[in-house]
Structures are given as structure tokens and as C-alpha cells.
Amino acid sequence: MKELVTVFGRIGLLSFGGPAAQIALMHQELVDKRRWLSEAEYLRALSFCMLLPGPEAMQLATYAGWKRGGIIGGLIGGGLFVLPGALVITLLALLYGAYGNLPVIQALFVGVQASVIVIVIAALIKIAKRALVGRAYLMIAVLAFVALFFFAVPFPLVVLAAGIAGALMPGTPTDPAPMPADSWRKSARVLLIGGALWAAPVIIVVLSGSAFLRDIATFFSVLAVVTFGGAYAVLAYMTQEVVFSYGWLTTPQMMDALGLAETTPGPLILVTQFVAMIAGMAQGGIALALTAGVLTLWVTFVPCFIWIFAGAPLIDWVDGRPRLRAALAGITAAVVGVIANLSLWFALHVIFADVATVQSGPIRMVWPAFSSLQPVALFLALVAAVLVLRLRWSLLVVLPVTAVLGLIVQMAV
């Protein structure tokens with residue numbers, strides 16, 4: 001256990017750079033250095049984690065810990081992957097809540113918001129290269145974009161439709177024989193116990209009568225089960241709900257949250273904790289912010305442990321389910337359209353000061369007032385595009401560079 005704590009503590013502290021960098025780091029630590037997993041085991045586990053909702057890198061760490069030390073080892077692996085980033089996000093959220101409205105801080109975040117556009121576009125390019133392997137998948141991506149941008153179809157419905165379309169894709173082979181019943185019983189027991197633990201705080205806050213904490217618990221619980229394709233895939237849905245349905249944050253605050261989450265170790269989905277804490281601080285101060293943050297961490301990450309502990313013994317069986325893989329391929333293709341919608345949505349809200357929702361019949365979309373163009377934001381977005389897409393600078397460098405450049409330009413004008 002001491003070795004598990006040491007190794008996964010190191011991984012948690014060094015897990016910057018998004019899932020690709022995190023998965024590469026774990027491969028180096030767990031396969032190359034320590035031989036805790038074979039290459040084949042690592043790849044099967046990664047494929048399984050990509051089938052699940054939630055951050056695949058965190059779930060891979062949980063699986064590796066489970067493989068080494070059972071459920072306790074899994075809790076150590078997944079927990080230490082999240083903990084360093086969660087502590088940093090807690091500090092950043094408290095500082096942002098206290099000082100985020102100062103003119104100097106707001107000027108710094110103009111550059112951060114401009115960089116977020118490019119960060120999302122870079123993620124779009126990476127996923128598109130992997131996901132769009134044929135015309136059918138390109139069509140799924142295009143339809144997902146059209147459904148979200150032009151018709152405001154709810155994100156969970158888009159994911160469900162894409163999964164069904166992928167599973168029914170012509171040429172998908174028939175699934176192999178069913179699994180032995182005792183394996184199902186063991187997994188069902190984990191799901192029941194884990195589900196009860198997951199639901200316990202939600203029930204408590206519902207009974208407490210706090211409408212805000214009830215909404216936090218229920219919304220982020222739903223988000224946890226539709227987070228296919230990574231945090232970028234659900235950001236537009238989360239922004240729509242957080243900004244427009246609940247009114248917890250503004251669109252610039254949402255983009256600041258993503259920019260700050262990019263600079264911390266751990267999974268990007270920790271942006272949910274930041275959102276909950278900022279909303280809690282606005283609703284009732286530091287105590288409510290901390291409560292909302294802990295509650296969000298619980299409902300976001302407990303399901304990740306449940307999926308792994310229930311499904312890890314079945315990885316070999318899942319690896320041979322071609323329809324599951326086809327469904328995942330359909331969802332991943334749809335994620336390309338989802339992220340394209342997100343990048344366009346963010347770009348419009350950063351580059352133009354006035355963006356409204358227009359509706360004509362079934363079409364419902366955002367459209368900017370072109371007279372409200374913000375030249376500084378456009379300039380900073382172009383600078384970020386050159387640094388990230390052309391020069392391949394690290395995001396940990398690009399974000400502070402564009403933030404400081406934004407401050408300098410804002411002071412100059």
C-alpha cells in the first residue's frame with residue numbers, strides 16, 4: 001500500500017496536459033518502469049475505460065490500482081489521481097471568488113478566454129483525426145453539430161442517438177456468447193452498494209431543504225453519466241444549464257473556469273468543482289462554496305469507481321463485444337460535432353460582446369451582433385492559435401502568456 005500511495009501520488013502530482021499526456025505518463029510508470037501491467041492488459045483496460053462515461057485517465061488509474069491492490073488499491077489509484085488537482089481547484093476557486101471582479105484580474109482573463117477557444121479547437125482536431133474514419137462517422141459528426149447548434153437538441157439525446165447509430169452500423173458483427181451468471185451477480189452487487197453510496201449525499205441534501213445544494217447534486221449526478229468523450233464534450237451542455245437554466249455563472253466565468261482547470265493536474269472534468277464552488281460562493285459565501293465543491297466531487301467521481309469495480313473483472317468479455325465498440329465509435333464521432341459546436345459557441349461569446357439567441361420555427365441558434373466585435377479578444381485568439389496550433393507551445397505556457405499579453409493590451413488601449 002505504501003508503494004501504491006507513492007506511485008499514484010507521483011502520477012497525481014504530474015498529471016498535467018490532458019488525458020493523452022496522463023495516459024502516456026501512466027504507461028511509463030506502470031508498464032515500462034514497474035511492469036504492474038503488461039502492454040496487452042494496459043491497452044485492454046484503456047479501451048474499456050474509453051467505453052465508460054467520465055474521465056478515462058482517472059478510471060485507468062483506478063483500474064491499475066485495483067489490479068495491484070484490490071478495491072483499496074483502486075481507491076488509492078483513482079483518489080490520488082484526483083486529489084492534487086481538487087486541492088488546487090479549491091484554492092483557485094476561493095481566490096477567484098474573492099478577487100475575480102478586480103479590473104486587473106478581468107483584464108488577465110481576457111487572454112485566458114481567448115486561449116480557451118484555441119484549446120477547444122486543438123482538442124477537436126485531435127479527436128477528429130481518431131474518430132472520423134469513414135463517411136458514416138463524418139455524417140454522425142455533422143448531424144450532431146447541426147442538432148446542437150441549429151436546433152438546440154439536448155446533449156444526452158445526441159449521445160444516445162449516436163450510440164444507437166454506431167451499434168446498428170452495417171457490417172457490425174454479432175455479439176459473442178453471454179457471460180456466466182455469477183459474474184453478473186458480482187457486478188450487480190457492486191453497482192447496488194456503490195449506487196447507494198453515490199445517492200446518499202444527494203438524498204441528504206434533498207431532505208435538508210437546500211434548493212441550491214439539491215440542484216448541484218442532481219445536475220452534476222446527471223452530468224456524470226453522460227460524460228462520454230471527455231470534459232470538452234459536455235462543456236456546451238454544462239454551460240447552457242449553468243449559465244441559462246440555473247443562472248449560477250456568466251459565460252465569461254464559465255470560460256475562466258475551463259482556463260484555470262487546464263492549468264491544474266488531474267482530469268479536466270474538475271472544472272465541475274470550480275463551477276460549483278463559484279456558484280456556492282455567490283449563493284452563500286465560503287462555507288457553501290466548500291460544501292458545493294465537495295458534493296460535486298462526490299457525485300462526479302464516485303460513479304467512476306463504481307464503473308471500474310463493477311466492470312474491471314469483465315474487461316476480457318467487454319473487449320470482445322463488437323457492438324459496444326461500434327456504439328462507442330458512433331459516440332466518439334458525435335463528440336467531434338459536439339466539440340465543434342462548443343468551439344464556435346465559445347468563439348462567438350469571446351469575440352463579440354453582444355450575442356443573442358434567435359429562433360425561426362424549429363431553428364434556435366446563437367447569433368452575434370457584428371457591430372459588437374471586440375478587437376482585443378480577436379487579436380489574442382489569433383496569437384493563441386499561432387502558439388498552440390503552429391508553434392505547438394504547451395498550454396501551461398500559452399495560458400499565462402496570453403493572460404499577461406491581454407493585460408498589457410488592455411492597459412495600452
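Helices are DSSP runs of H or I with at least four residues, strands are runs of E with at least two, and both are numbered from the N terminus. Buried means under 20% relative accessible area, exposed means over 50%, and partly exposed is in between, using a 1.4 Å probe and protein chains only.

One thing to keep in mind is that this is a predicted model, so local features need pLDDT of at least 70, side-chain atom pairs count only at pLDDT 80 or more, and totals for chains, interfaces and linings use all residues. Residues are numbered from 1 along each chain as its sequence is written, and side-chain values use heavy atoms, with hydrogens and water left out.

Let's start at helix α1, residues 2-14. The expected span of a helix is 1.5 Å times one less than its number of residues. Which residues of α1 are buried? They are Leu4, Val7, Phe8, Gly9, Ile11 and Gly12. As you look at that pattern, remember that an α-helix has 3.6 residues a turn, so residues three or four places apart point the same way. The cover over the buried residues of α1 includes α2 (18-33) and α4 (56-99).

Those neighbours also come up when we turn to charges. Side chains of opposite charge can pair when their charged atoms come close. The rule for a salt bridge is a side-chain nitrogen of Lys or Arg within 4 Å of a carboxyl oxygen of Asp or Glu. How many salt bridges does a search of the whole structure find? Six. One of them joins arginine 68 to glutamate 3, with the closest N and O atoms 3.6 Å apart. Arginine 68 sits in α4 and glutamate 3 in α1, so this pair ties together parts that are 65 residues apart in sequence. Both ends are partly exposed: arginine 68 has a relative accessible area of 45%, and glutamate 3 has 43%.

Another bridge runs between glutamate 29 and arginine 10, where the closest N and O atoms are 2.7 Å apart. Here the link is from α2, which holds glutamate 29, to α1, which holds arginine 10, and the two are 19 residues apart. Is glutamate 29 buried or exposed? Buried, at 1% relative accessibility, while arginine 10 is partly exposed at 39%.

Further along, aspartate 215 bridges to arginine 214, with the closest N and O atoms 3.3 Å apart. Going back to arginine 10, salt bridges that share partners join Arg10, Glu29, Lys33 and Arg34 into one network.

Now for a helix on the inside: α12, residues 271-284. Its 14 residues should span 20 Å, and the end C-alpha atoms are 20 Å apart, which agrees. Why call α12 largely enclosed by the rest of the structure? Because eleven of its 14 residues are buried. Among them are Phe274, Met277 and Met281. The buried residues pack against α4, α9 (211-225), α10 (231-245), α11 (251-262) and α13 (286-311). Just after α12 comes glycine 285, with a positive phi of about 90 degrees.

On to the aromatics. A pair of aromatic rings is described by the distance of the centres and the angle of the planes. Rings of Phe, Tyr and Trp (its six-membered ring) pair if their centres lie within 6.5 Å; planes under 30 degrees apart count as stacked, over 60 as edge-to-face and the rest as tilted. That gives 20 aromatic pairs. Take phenylalanine 145 and phenylalanine 150: centres 6.2 Å apart and planes at 85 degrees, so they're edge-to-face. Phenylalanine 150 is partly exposed, at 28%. Phenylalanine 219 and phenylalanine 220 are edge-to-face too, with centres 4.9 Å apart and planes at 65 degrees. Phenylalanine 219 is buried at 4%, and phenylalanine 220 is buried at 0%.

Last stop: proline 170, in the loop between α7 (155-167) and α8 (181-208). Proline 170 is exposed, with a relative accessible area of 75%. Its C-alpha atom is 26 Å from that of isoleucine 339, which is 169 residues away along the chain.

Methods: Contact means heavy atoms within 4.5 Å.
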